[in-house]
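Hi,

Here is the structure I promised to pass on.

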Number of protein chains: 2
Amino acid sequence: MRSVYVGGAVLTQFGKDPRSLGEIFCEATQGALADNEHVDALYLGVMNPEEFTGDSNIASLIADAVGLTGVPATRVETASSAGAAALMAAFQAIASGYYERVLVLAGEKMTHLSTSATTRILAEVIDPRERLCGATMPALAAMITEKYRQKFRLSDTRLENILCSIALKNHANGVKNPSAQFQRAISRDTYLGSKFVATPLRLYDCAPITDGAAAVVLTHEPTDVRLSGVGQGTGVLSLQDRQVFTSFPSTQIAAARAYAMANTGPKGIDFAEVHDAFTPFEIISTEDLGFFLPGKGGDAAFEGKTNLEGTLPINPSGGLKARGHPVGASGLAQVVEVTKTLRGERPWRREFRRGLTQSTGGLGTNNFVTILERADAPVVQNSWTVTTALANKPVRTAPSARLSEEGVIETFTMVYVTPDGFLPPLALALVRTADGRLIMAQGEENDSALKIGREVYLRRIDGLYLFTVKSHMQRVQEAFSKFLHRKVAETSQENK
Amino acid sequence: MRSVYVGGAVLTQFGKDPRSLGEIFCEATQGALADNEHVDALYLGVMNPEEFTGDSNIASLIADAVGLTGVPATRVETASSAGAAALMAAFQAIASGYYERVLVLAGEKMTHLSTSATTRILAEVIDPRERLCGATMPALAAMITEKYRQKFRLSDTRLENILCSIALKNHANGVKNPSAQFQRAISRDTYLGSKFVATPLRLYDCAPITDGAAAVVLTHEPTDVRLSGVGQGTGVLSLQDRQVFTSFPSTQIAAARAYAMANTGPKGIDFAEVHDAFTPFEIISTEDLGFFLPGKGGDAAFEGKTNLEGTLPINPSGGLKARGHPVGASGLAQVVEVTKTLRGERPWRREFRRGLTQSTGGLGTNNFVTILERADAPVVQNSWTVTTALANKPVRTAPSARLSEEGVIETFTMVYVTPDGFLPPLALALVRTADGRLIMAQGEENDSALKIGREVYLRRIDGLYLFTVKSHMQRVQEAFSKFLHRKVAETSQENK
């Protein structure tokens with residue numbers, strides 16, 4: 001395979017951008033390409049221009065807008081990791097020898113829509129059955145977080161402290177990043193004072209809605225930064241069909257390939273930009289990448305190991321949280337950040353020689369890992385084994401014909417920012433039925449008694465499942481009823 | 001570059017398919033992959049699942065649906081040539097050595113929506129300014145056809161005869177194709193009796209709305225069919241910004257690369273599947289591919305040269321017209337057809353050794369050419385030069401601030417099948433103003449006096465341009481008014 005290097009790499013100013021997507025990409029293109037620099041092709045990562053701006057045929061539209069009419073232009077899309085997907089396609093095109101130098105653009109225009117409309121569009125990445133209940137990306141991320149908390153036996157306070165430490169770190173890092181949407185630090189009080197989007201996730205646990213674009217030139221001609229490893233993996237789409245909730249096997253598959261290709265492992269990485277669309281995802285990513293043991297990523301963040309001054313800085317750019325998250329752009333924005341950091345173009349003091357990016361598509365369903373390094377990066381061979389990728393097949397059981405049944409809460413959340421058509425607050429639970437199936441259900445009442453393991457009644461109306469938590473009295477009555485039935489049976493047995 | 005070969009290649013039954021897109025892809029996958037056949041990755045060509053079925057994150061969704069969870073899955077999109085774009089990305093991935101064997105899937109689910117909703121969604125591929133007037137794909141194709149008729153001095157009857165001959169040929173070919181949506185021949189009377197969609201295009205000039213999927217396995221391991229050439233090019237998005245109307249430079253750019261890579265030219269091609277979304281596009285494609293001289297493609301079709309028994313069969317499968325046009329699928333469906341034909345798996349009698357596919361994205365804005373050949377294909381070196389690709393830059397003039405002006409009709413159509421929100425019939429004209437700009441405008445009245453070269457008044461309301469054809473009386477009045485002004489000026493001059 002031919003070697004591939006990074007040429008120009010820029011970001012536009014992330015935030016609310018009044019310009020059209022074409023104009024934003026125009027600025028990114030002019031920033032990345034030197035005067036009269038020729039490119040053989042354009043690869044474009046955009047997640048959903050069809051619904052965000054009503055434009056289909058976006059590759060042609062942008063080729064025209066940035067002055068590259070005639071040049072082959074291809075849109076590559078894997079939901080919120082589209083920017084990384086475009087980079088990978090461009091990498092393969094050059095590695096094959098088909099092209100010599102290509103421009104990769106990735107971006108999104110989102111802030112012109114209402115939060116509820118944006119939430120609805122973003123929710124289309126999740127399973128249609130789960131969407132029907134009003135599930136959103138933050139809601140499912142919250143359910144994963146609750147499961148993580150329970151699995152690794154964290155108290156509510158411990159979880160809060162860990163998530164807070166990540167939000168504070170990324171905001172503190174964002175202060176130094178001139179491209180970031182939020183260039184201001186936040187305090188613990190600000191974090192704790194922010195509203196819940198979906199319990200236990202607060203506003204400051206969620207990446208913002210952002211406009212912005214990233215541009216990267218890839219070339220066969222050597223530069224100071226080499227793209228030494230790339231990998232991609234997918235995961236089970238539906239939460240209902242998963243065996244693993246607290247890890248994204250897709251990241252592990254992608255990492256295994258990227259590490260092998262770069263002939264290194266977690267120990268060879270100086271710093272990383274990971275997909276912190278939600279603060280708990282930063283923890284899960286650092287565990288899936290092999291930086292920390294499962295359940296220990298939070299401790300590492302809390303203890304400052306992932307700070308800019310720590311042993312393994314994570315998201316020195318501020319991450320999606322502070323830099324902003326124009327969904328299609330983020331996977332490529334990370335590559336720009338790592339490149340700029342390796343080149344010493346970002347104002348952080350430390351010198352790094354090998355960086356990694358991890359980008360997440362959907363709810364961990366289409367993830368990418370990319371490794372970039374300088375020519376003076378030391379060889380650090382470090383074998384690494386995937387731990388949960390084998391559990392990556394959906395577990396589907398035949399749907400039940402029953403209209404009502406019972407089950408136990410596997411995980412849950414109370415959603416406060418709902419998509420179009422759903423009124424907050426909205427209780428959602430993943431319920432495990434007696435025969436082992438998982439069902440996403442909407443709470444019939446706003447019950448504050450939600451807890452993992454609690455027993456619920458389920459009923460189905462028009463394909464939508466509703467749940468009600470069994471009250472203490474109901475459980476007593478049921479036990480008594482069972483006792484009576486047994487007694488009656490025993491009595492009739494004795495009478496025979 | 002490593003060689004790439006075609007393994008399994010199948011189509012589902014094109015037409016109205018009640019199944020979900022996931023189920024349709026499942027059938028295609030099972031058809032293309034042998035039992036236990038491993039693939040390293042999935043490339044997916046879909047045009048607009050976001051709006052057709054409300055699904056974003058389609059690559060993950062389909063990976064799950066076809067049983068490939070875990071496997072890297074990427075959606076590649078270039079509007080209606082998405083299937084060809086997915087094939088090209090997959091080609092590069094194998095040519096690079098990154099993957100050994102990949103599955104390419106392409107498809108679309110469209111028939112569940114109303115024709116007006118589908119028309120609106122498909123119209124999103126065209127320039128937003130043109131969409132505002134109610135322009136649709138058939139409407140712009142009709143305007144291109146009218147321009148072609150005028151440029152090559154075809155009478156209305158001659159054009160009708162040519163287009164009819166293509167519709168009849170493709171329907172006759174479809175009879176022999178078991179995958180085709182329409183497996184029935186049509187008569188000249190049926191063609192002439194069909195309604196106008198947008199003059200001069202009738203229903204039988206337009207490809208139908210179709211559900212369906214194609215699957216192709218690409219592999220480095222040699223098989224009987226080699227992917228010997230691939231190329232892509234883009235073109236000016238907006239009709240208003242074009243210099244060339246009767247050719248798609250994007251096809252020529254793509255063809256130049258594909259021919260060069262396959263070390264052949266038009267004379268080396270035994271047969272071709274081209275993108276006849278509209279019958280006139282088949283003519284334009286055969287000219288852009290160098291098969292016939294500009295303006296002569298229609299004659300070739302009319303004379304039977306492109307019949308299944310002709311010197312250069314075009315669309316032996318029935319083309320998009322008879323096989324059907326699930327938009328994302330078509331570019332890959334063509335590759336399946338050529339592969340099956342080379343393998344003797346289609347019931348046409350002739351033996352071919354090298355075939356070409358040409359796929360069109362949008363209004364000729366993102367086109368692909370692919371060449372496939374058997375091991376016994378003879379070497380036919382045939383140099384070939386692009387003729388109009390150099391005219392591929394958009395010509396944009398500053399928009400005028402004037403609220404009303406005058407111009408001349410460059411081309412026009414009367415649209416009878418309109419998108420949601422526009423009542424038929426709708427007159428559309430591309431108007432050239434006195435200073436040389438082109439403006440897409442909506443007719444204020446349903447004027448039957450539309451003709452290329454006719455003078456019109458233009459007025460602008462809320463960004464939308466409206467035109468009215470100057471009547472004979474108006475032209476007389478204007479001439480008289482000018483005469484009066486001149487007389488008054490002369491008189492005042494004399495009086496000085």
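R75(B) and E50(A) join their side chains in a salt bridge, 4.0 Å from N to O (a side-chain nitrogen of Lys or Arg within 4 Å of a carboxyl oxygen of Asp or Glu). By that rule, 5 salt bridges cross the interface of chain B and chain A.

Before going on: this is a predicted model, where local features need pLDDT of at least 70 and side-chain atom pairs pLDDT 80 or more, while totals for chains, interfaces and linings use all residues. Residues count from 1 along each chain as written, chains are lettered from A and ligands numbered from 1 in written order, and side-chain values use heavy atoms, without hydrogens and water.

Back to the interface: chain B and chain A each bring 62 residues to the contact (heavy atoms within 4.5 Å). About 4,500 Å² is buried between them, 44% of it from carbon and sulfur atoms (this is accessible area, 1.4 Å probe, lost on putting two parts together, summed over both).

Now zoom in on D55(B), in the loop between α2 and α3 of chain B (helices are DSSP runs of H or I, at least four residues, numbered from the N terminus, and strands are runs of E, at least two). Is D55(B) buried or exposed? D55(B) is buried, at 12% relative accessible area (buried is under 20%, exposed over 50%, partly exposed in between, with a 1.4 Å probe and protein chains only). Beyond neighbours within four places in sequence, its contacts include E124(A), P128(A) and R131(A).

Cheers
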